Amino acid sequence: MKAWISLRFYIVYLSVFTVNMAIFAQISGDVSLTGRVFEGPSRAIDTRGAMSYYGDGSEFVIAEIEGNGKAKEYARLALEAAPLEIMVEGDYAFLACGRAGLAVVDISKAKSPSLVSSLILEKPVKFLTVMNQHVYLSTGDGGIQIVSMTEPDVPSVIAVVPAIDFFDDVVSSHNIFYASDGFGRIRIFDVSLPDSPIELSTEYFNTRPSLLALENNTLYAIDRFNLSIVDITDPEAPNLLIRTPHNTDALALSVKDNTLYLSDVNNQLHVFDVSAPANPTLNEIIPLSDNAVLLNEIGKFLFCSLYN
């Protein structure tokens, strides 16, 4: 769900403790709000160490998250449009900016980021993933556009994976990318040679998986009413471990260190232990003040982009 009204970015405190040899992050108490970063609107954030890179309206912002959960802002950079997704790789941030296409920002100097290049495509760029100096842009029925970033100031499309229906989210790891394509399918591609992608397999679902998350050899996918967990140890033969209902429309998904966060339209944050992916355990359901359309963890803090 895309939301563009009265968004607010909150930071929620996480207490970290060890259970059964796995690290779990659990919201302490009834949610300890440590700070409001900005008023939005926003749909995008990525983090590296203590640094956060996020969209605030049509601005790109760099800030450091301090130990008390407050944000120390370093710089802002005006963009042509609000970013829908941000991924940081090395000295660059790659931004999916809808109809404004791909924006590439040099972040090597945190206090003075600069726009290096942009690439406008025929279709809007809604999701992206970055791997091995290539950016994979999800453009709906325009397919997955594979862009070489060997020269970041001159991005170039080197291949296009056509959509069967309509691409949504895309994630990647170890020369493989995974993309949800329309009703009931996740397609898996080997891009060891990025200009010659090879489709390895397709995982079929009963409904449309709109959001994906990846950790280790496990792929997590949510549609409106189900959380599906897939073992991708062998990308040519993905194994559905479990499909469990969550009984309400899901909005956002994040997984880190065997903890999965899922938000829904009922202003709730579901916290799962997925240390045993075939047997996810719901640890807690936490009420939020509004719907969270974006979740991202940094250290002991969880970012929740809320709208009402």
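Among contacts in the chain between residues at least 6 apart in sequence, what percentage join residues at least 24 apart? The share is 45%, where contact means heavy atoms within 4.5 Å.

## The model and its strands

This is a predicted model, so local features need pLDDT of at least 70 and side-chain atom pairs count only at pLDDT 80 or more, while totals for chains, interfaces and linings use all residues. Residues are numbered from 1 along each chain as its sequence is written, and side-chain values use heavy atoms, with hydrogens and water left out.

## The largest pocket

The largest pocket comes in at about 1200 Å³. A pocket here is an open set of points on a 1 Å grid over the protein atoms alone, where a 1.4 Å probe fits, with protein on both sides within 12 Å along at least five of seven lines; lining residues have an atom within 4 Å of a point. Grid points are joined across faces, edges and corners, and the volume is the space filled by probe spheres set on them.

The lining runs to 46 residues, with D46, E85, M87, V171 and N296 nearest the centre. Seen by strand, β4 (45-48), β8 (85-89), β12 (127-131), β16 (167-173), β20 (211-215), β24 (250-256) and β28 (291-298) each put in at least two residues. By class, there are 23 nonpolar, 12 polar and 11 charged residues in the lining.

## Nonpolar cores

The largest nonpolar core holds 26 residues, and I144, F177, Y220 and L260 have the most contacts inside it. Its largest share, 3 residues, comes from β24. A second, separate core of 16 residues includes A44, I86, A100 and I107. Such a core is a set of buried Ala, Val, Leu, Ile, Met, Phe, Trp, Tyr and Cys residues joined through side-chain atoms within 4.5 Å.

Leaving aside residues up to four places away in sequence, L260 touches Y220, L227, L253, S254, V255, H270, V271, F272 and V274.

## A buried arginine

R187 sits in strand β18 (residues 185-190) and, at 6% relative accessibility, counts as buried. Its side chain makes a polar contact of 2.8 Å with that of D181 and another of 3.0 Å with that of E199. A polar contact is a pair of N or O atoms within 3.5 Å; within protein, one must be able to donate a hydrogen and the other to accept it, and residues adjacent in sequence count only if both atoms are side-chain atoms.

Not counting residues up to four places away in sequence, R187 also touches others, including V161, P162, F177 and Y178.

## Loop residues worth a look

Most residues other than glycine have a negative phi. H174, in the loop between β16 and β17 (176-181), has a positive phi near 50 degrees and is exposed at 72% relative accessibility. D257 also has a positive phi, about 50 degrees; this residue lies in the loop between β24 and β25 (259-264) and is partly exposed at 39%.

Conventions:
Helix = DSSP H or I, 4+ residues; strand = E, 2+ residues; numbered from the N terminus. Nonpolar A, V, L, I, M, F, W, Y, C, P; charged D, E, K, R; others polar. Buried < 20%, exposed > 50% of the residue type's maximum accessible area, 1.4 Å probe, protein only.
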